[in-house]
Amino acid sequence: MSQAESGDREPGQPARVPGAAACPGCSGSGDMEEARRRLCTCRRADCGQLPAPRAPECGDCPIHPSQEGWFCFTEGRAVCAHCAIPGPCSSHLGTSIGEAAERMRNKLVDVCEKLQLRLASVEKFTAETLNNKSCSVKANASSARELIIQRLNFIREMCENEEQRLLEVIHNEEERVQQSILTQKTYWMESQQKLTDIKSYLVDTLTKMDDSALVKCQKEIFERAEEAEGILEPEDSNKLNFNLACAHSHLLGNLWASAAMICIADAENIHIDEKTLHSSLKLSENKKRLTFVRKKAHSYPDCPERFEHWPNALGLESFQSGLHTWRVDVRNSCAYKVGLAYSCLPRKGSGHESRLGYNSSSWVFSRYNEEYMIAHDGQLKTLDLLRCPKSIGVLVDCDGGEILFYDADACAVIHSYKTKLIFPIHAALAVADESIAIVH
């Protein structure tokens, strides 16, 4: 490439390889044209010429060993400048080896500068950030351990204090009842002896005293008889009963409920008994979702277990001992009941005997629009909840005789019942809007 040729290009632009203005194989005539046919390298689709063999790279050319080397940017390799004129690089952009090398050096300098900056960033991150993180992790772990130990020690201390208090309360209640029993026993033993003495006196009077003596002693006889009248009939008293309420503790109840709700990982795998479904309810295939059907009632076969009037259903599984819990997703409904019932709960009729929460055989948490209530044996209590529960949990301690309703998402106790469960229990549900589902 001549100086004149290179002077017309813009600075920084690669030069065109000499002879690149036109393809030597696409013009001319005669023998020269035939020769150029064999050397054509323009690679144009409409050329129609045969491709020429590739020119040898710079340094390998046996004809022009002293020619200055050129670098073809298109093919990314060094070429012989003289041979490039009719060769494969005749239409490519190129420059001298020296200029190409200079450009390469400049690029390498830029790369080295970037690497230096990256290296400095990595060194700074390692020296400062990671070291600080390591110290921070140690400090945070130490604080976390101290917090856990502190809180568990507090809980442990509170539990030990509550245990000691409750045991003392139970001991005092036991002593009170035993003292009452002892007092009553002493009194009634004395009364028994007194009645025995009066009875013996009267029997002796009747059998051993003659008529004259009997008449003379009638005043004394009736006075002794009146003594017996003063001794009343024995009656049972609450003072002779151990008060189980003394064992109740707000702290213990909440700790127990929280531990039970959190530590029982899996809810009971409860299914709804299809035979108990009211005709307005539809049961899903997995027997866990109840859907209320407003317009079209299902035609279920009649059976003694089926609820006739109220839109109720009972769980298939029953429990009579142990600790059990189940959860019901209620987010889609604004009219439902969730709870438990004895298996002996009546199913027929429109009275309270088959209505959940209105008899002694059922305990339920219910919602109707924005009103929340708990109900048992017709005793209804309205609840003022801070949030609308999305999932209601039921926790039953059959042996301990306790029923808890709780917000399953917040693990917060909504209400509890202390009662003695005497029959097998089933999950009880009712829905009059959209659907509810047992969660497992």
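Residues are numbered from 1 along each chain as its sequence is written, and side-chain values use heavy atoms, with hydrogens and water left out. Because the model is predicted, local features need pLDDT of at least 70 and side-chain atom pairs count only at pLDDT 80 or more, while totals for chains, interfaces and linings use all residues.

## Overall picture

The protein has 6 helices and 17 strands. Both are DSSP runs, numbered from the N terminus: helices are H or I with at least four residues, strands are E with at least two. The protein has 440 residues, and 32% of them count as buried. Buried means under 20% relative accessible area, exposed means over 50%, and partly exposed lies in between (1.4 Å probe, protein chains only).

The accessible surface comes to about 27,900 Å². Carbon and sulfur atoms hold 54% of that surface. Areas come from the Shrake-Rupley method with a 1.4 Å probe; for residues, only the protein chains shown count as cover.

## Helix 6

Helix 6 covers residues 250-263, 14 residues in total. At 1.5 Å a residue, helix 6 should span 20 Å, and its end C-alpha atoms are 20 Å apart, which agrees. The expected span is 1.5 Å times one less than the number of residues.

Which residues of helix 6 are buried? They are Ala257, Ala260 and Met261. Seen down the helix axis, these buried residues fall within an arc of 95 degrees, so they line one face of helix 6. The arc is that of the directions from the helix axis to the C-beta atoms. The face turned away from the buried side carries exposed Ile262 and Cys263.

What covers the buried residues of helix 6? The cover includes strand 8 (323-329), strand 13 (391-397), strand 14 (402-407) and strand 15 (412-418).

## A nonpolar surface patch

Ile148, Leu152, Phe154, Ile155, Met158 and Leu255 form a nonpolar patch on the surface. Together they have about 520 Å² of accessible area. Patches are made of residues with over 30% relative accessible area and no salt bridge; like charges are joined within 9 Å, and nonpolar side chains (Val, Leu, Ile, Met, Phe, Trp, Tyr) within 5 Å.

Helix 3 (residues 97-208) gives the most to this patch, with 5 residues. Leu152 lies in helix 3. Leu152 is partly exposed, at 41% relative accessible area.

## Salt bridges

There are 11 salt bridges. A salt bridge is a side-chain nitrogen of Lys or Arg within 4 Å of a carboxyl oxygen of Asp or Glu.

| Pair | N to O distance |
|---|---|
| Glu227 and Arg224 | 3.9 Å |
| Arg367 and Glu370 | 3.2 Å |
| Asp409 and Arg387 | 3.9 Å |

Glu227 and Arg224 both lie in helix 5 (residues 218-229). They are 3 residues apart, about one turn of the helix. Glu227 is partly exposed at 35% relative accessibility. Arg224 is also partly exposed, with 23%.

Arg367 pairs with Glu370. Arg367 is buried, with a relative accessible area of 11%, whereas Glu370 counts as exposed at 62%.

Asp409 forms a salt bridge with Arg387. Asp409 lies in the loop between strand 14 and strand 15, and Arg387 in the loop between strand 12 (379-383) and strand 13, so the pair ties together parts that are 22 residues apart in sequence. Salt bridges that share partners join Arg387, Asp407 and Asp409 into one network. Asp409 is partly exposed, with 46% relative accessible area. Arg387 is partly exposed, with 41%.

## Positive phi angles

Most residues other than glycine have a negative phi. Lys287 has a positive phi, near 60 degrees. Lys287 lies in the loop between strand 5 (281-283) and strand 6 (289-292), and is partly exposed at 31% relative accessible area.

Glu434 has a positive phi of about 55 degrees, although it is not a glycine. Where does Glu434 lie? Glu434 is in the loop between strand 16 (425-431) and strand 17 (435-439). At 48% relative accessibility, Glu434 counts as partly exposed.

Conventions: Contact means heavy atoms within 4.5 Å.
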